[in-house]
Amino acid sequence: MTQATTPAPLTRRAQRESGTPAPRRRPTARGVLSEVLLWVAALAGLVCIVLVVLAFTAHITLIMFRTGSMSPTIPAGSVAIVQQIPASQVHVGDVVTVDRPGQLPVTHRVRAVEDGTAPAERLITLRGDANAQDDPAPYPVSTVRIVRLAIPGLAPVIVAFGNPFVLGGLTLGATALVIWAFWPRTGGRARKAGTATEGDPGS
């Protein structure tokens with residue numbers, strides 16, 4: 001008396017040739033991590049490209065606030081998105097950044113605007129929101145950088161990313177994660193292939 005032999009499972013190639021759809025794989029942690037890493041890298045690249053394009057086309061840049069002269073409106077440690085505009089477009093109440101020869105730029109609120117010696121020049125009086133008095137003298141400017149948006153607490157993060165040790169550590173960590181996520185797992189595939197091609201012996 002003979003026993004009925006169990007048919008061997010079809011390989012993927014045999015399934016494709018016979019028209020039998022292959023079973024759908026369930027997502028693994030490695031696959032999910034790979035997708036997340038790809039999306040994060042793509043998003044970071046997109047942000048960098050957008051910032052570069054805005055810097056050249058719309059004259060938009062970032063500035064960091066190290067002092068609290070604009071508190072509580074813009075506390076120390078904030079990062080502001082600023083855009084360069086002609087001085088003729090400045091109005092009282094705007095928060096602007098002006099350059100000072102031999103000194104760091106200053107970002108304060110506009111208190112007064114007067115005509116300068118040239119048609120495009122303006123004399124603007126500034127004062128920090130936390131200061132009791134105006135700045136010592138008006139600033140003669142042809143262009144200023146107006147604050148469009150301020151994000152509190154972001155400056156320390158940007159400074160930390162500028163540290164070469166932090167940047168190097170993040171680069172190494174990201175590289176290790178990408179290599180781990182995309183490293184081929186040959187052992188598991190070989191075992192699956194062996195299981196799919198071997199049949200149970202009959203007597």
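**View 1. Strand 4 and strand 5 in the predicted model.** Strand 5 (residues 122–127) is joined to strand 4 by 6 bridges, and the two run antiparallel. Strands here are DSSP runs of E with at least two residues, numbered from the N terminus, and two strands count as paired if DSSP finds at least two bridges between them. Opposite Arg-122 in strand 5 stands Asp-115. The model is predicted: local features need pLDDT of at least 70, side-chain atom pairs count only at pLDDT 80 or more, and totals for chains, interfaces and linings use all residues. Residues are numbered from 1 along each chain as its sequence is written, and side-chain values use heavy atoms, with hydrogens and water left out.

**View 2. The hairpin of strand 3 and strand 4.** Strand 3 (residues 95–100) runs antiparallel to strand 4 (residues 103–115), and 5 bridges join them. Val-95 has Arg-109 in strand 4 as its bridge partner. Between the strands of this hairpin lie 2 residues, and Gly-102 in the turn has a positive phi of about 75°.

**View 3. Strand 1 and strand 2.** An antiparallel pair is formed by strand 1 and strand 2 (residues 79–86), with 5 bridges joining them. Leu-62 has Ile-81 in strand 2 as its bridge partner.

Technical notes
Helices (H or I, at least four residues) and strands (E, at least two) are DSSP runs, numbered from the N terminus.
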